Amino acid sequence: MNHEELQIRTQSDIVLVRKAVRELTAKLGFGLTDQTKITTAASELARNTLEYGLGGHLEMETLKNDLGKSGIRLTFIDQGPGIADIALALTDGFTSGKGMGMGLSGSKRLMNEFTIDSEMGKGTRVSVTKWK
Amino acid sequence: MERIPILKMGSFLLVTIQVDMHDQLAMNLQEDLTNRISATGARAVLIDISALDIVDSFIGRMLAGIAGMAKILDAKTVVVGMQPAVAITLVELGLSLDGIHTALNVDRGMALLRNSLELSDDEDLGAELANES
């Protein structure tokens, strides 16, 4: 289906990610609350990509399941140092940086599906999906 | 450098955030507000976020930081105008914004601040009205 790629290299790119995700969710007909949840999750994950992954990119896809339901999938990919302990990184309040430690765990709650793959020294790939 | 304007009205500082802030802009606001409280002796800070269509953990932390620093400088902070969808998202995200006073709109926020500072309705409306950005 529809596929778009956005670079995440600077703080301004996080703002552009929010704008692009908001526009796409609105176009897909998500309600205002879901638009806000998805955009907020995107903002958290884009910041992680920049701060911990040392930059990377976002792939935005629109989906349609067997029942004709539409959805959006956001995949954040970096080639950074990777996450040593994913379970720990997913704990509310855990942070290795200057954040509040709500980015990963919070994004997981805001979306329907959440997968994370990380390899030390290779990078991290976080994929989140929300269905209408 | 890009800045968000801070209005001084009597002993109040007023901020309306009308742009989608990148992180540095949010940090600048935190620093500017703290400096302005110190320089003006303001007793209260009102931050209107009705134009913000998301508050993520970074902006939440910035708001909490402003409230914390203001408190140390003897000023009270109230955040007003949060959109319902933003409030729902914040709770699900796991941010409780502890220590931040909120009010539904500017009127209620001003009333809350006046009340807590024990000011009468027009006491804060000093003749001076400065806009420094």
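User: What is the strand order in the open sheet of chain A?
Analyst: The order is β1-β2-β3-β5-β4, five strands with antiparallel pairing. Strands here are DSSP E runs of at least two residues, helices H or I runs of at least four, both numbered from the N terminus. Two strands pair if DSSP finds at least two bridges between them. This is a predicted model: local features need pLDDT of at least 70, side-chain atom pairs count only at pLDDT 80 or more, and totals for chains, interfaces and linings use all residues. Residues are numbered from 1 along each chain as its sequence is written, chains are lettered from A and ligands numbered from 1 in the order written, and side-chain values use heavy atoms, without hydrogens and water.

User: Which strands stand at the edges?
Analyst: β1 (3-8) and β4 (113-119) of chain A. Each has a single partner strand, so one side of each lacks a neighbour in the sheet.

User: How many bridges join β1(A) and β2 (56-64) of chain A?
Analyst: Six, in the antiparallel sense. A:Glu5 has A:Glu59 of β2(A) as its bridge partner.

User: Switching topic. Which residues of the lining of the largest pocket lie nearest its centre?
Analyst: A:Asn48, A:Tyr52, A:Ile83, A:Ser96 and A:Leu104, out of 31 lining residues. A pocket is an open set of points on a 1 Å grid over the protein atoms alone where a 1.4 Å probe fits, with protein on both sides within 12 Å along at least five of seven lines; lining residues have an atom within 4 Å of a point.

User: Which helix gives the most to that lining?
Analyst: α2(A), with six residues.
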